[in-house]
Amino acid sequence: MLEEALEHLVKGIVDHDGDVVVSHKDGRRGELLEVRVHPDDLGRVIGRSGRTASALRTVVSALAGGRSVRVDIVDTDRSR
């Protein structure tokens, strides 16, 4: 449910909504939701001074109902 909600929110922000991918991973520190967007939309999802990303994390935390959930916005251009 969290993945779908986050994907819906991000698709409302970006221009290339077909490129939005939200993946779910379970880790030692709780759940991790990774958001991948078109490189041109990365700045829109992060926002000025990270405000949009922070707001997305706040909404997802509220929807999680006390579970530990992290939201990571992944830069697809970055080499690993």
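Where does Glu34 lie? Glu34 lies in strand 2. Helices here are DSSP runs of H or I with at least four residues, strands are runs of E with at least two, and both are numbered from the N terminus.

Quick ground rules. This is a predicted model, where local features need pLDDT of at least 70, side-chain atom pairs count only at pLDDT 80 or more, and totals for chains, interfaces and linings use all residues. Residues are numbered from 1 along each chain as its sequence is written, and side-chain values use heavy atoms, with hydrogens and water left out.

Back to Glu34. Is Glu34 buried or exposed? Glu34 is buried, at a relative accessible area of 8%. Buried means under 20% relative accessible area, exposed means over 50%, and partly exposed is in between, with a 1.4 Å probe and protein chains only. What does Glu34 contact beyond its neighbours within four places in sequence? The list is Val21, Val22, Ser23, Lys25, Asp72 and Val74. Contact means heavy atoms within 4.5 Å.

Glu34 also forms a salt bridge with Arg36, with the closest N and O atoms 3.4 Å apart. A salt bridge needs a side-chain nitrogen of Lys or Arg within 4 Å of a carboxyl oxygen of Asp or Glu. Arg36 is partly exposed, at 27% relative accessible area. Salt bridges with shared partners join Lys25, Glu34 and Arg36 into one network.

How many salt bridges does the whole structure hold? The search finds 5. Two others I want to show.

Arg44 is partly exposed at 41%. Asp15 is exposed at 55%.

The next pairs the side chains of Lys11 and Glu7, 3.1 Å from N to O. These two are 4 residues apart in helix 1, so about one helical turn separates them. Lys11 is partly exposed, at 35% relative accessible area. Glu7 is partly exposed too, at 24%.

Stay with helix 1, residues 2–11. Which of its residues are buried? They are Leu2, Leu6 and Val10. They cover an arc of only 60 degrees around the axis, so they lie on the same side of helix 1. That arc is taken from the directions from the helix axis to the C-beta atoms. And what do they pack against? Strand 1 (21–27), strand 2 (30–36), helix 2 (42–46), helix 3 (51–64) and strand 3 (69–74).

Now the surface. Met1 lies in the segment before helix 1. Met1 counts as exposed, at 65% relative accessibility. Together with Leu9, Val59 and Leu63, Met1 makes a nonpolar surface patch of about 350 Å².

Last stop, Ser68. Ser68 lies in the loop between helix 3 and strand 3. Ser68 counts as partly exposed, at 44% relative accessibility. Not counting residues up to four places away in sequence, Ser68 touches Arg29, Gly30 and Glu31. A polar atom of the Ser68 side chain lies 3.0 Å from the backbone oxygen of Arg29. Ser68 and Leu32 are 36 residues apart in sequence, yet 8.7 Å apart in space, C-alpha to C-alpha.

How values were computed. Patches are made of residues with over 30% relative accessible area and no salt bridge: like charges are joined within 9 Å, nonpolar side chains (Val, Leu, Ile, Met, Phe, Trp, Tyr) within 5 Å. Accessible areas come from the Shrake-Rupley method with a 1.4 Å probe; for residues, only the protein chains shown count as cover. A polar contact is a pair of N or O atoms within 3.5 Å; within protein, one must be able to donate a hydrogen and the other to accept it, and residues adjacent in sequence count only if both atoms are side-chain atoms.
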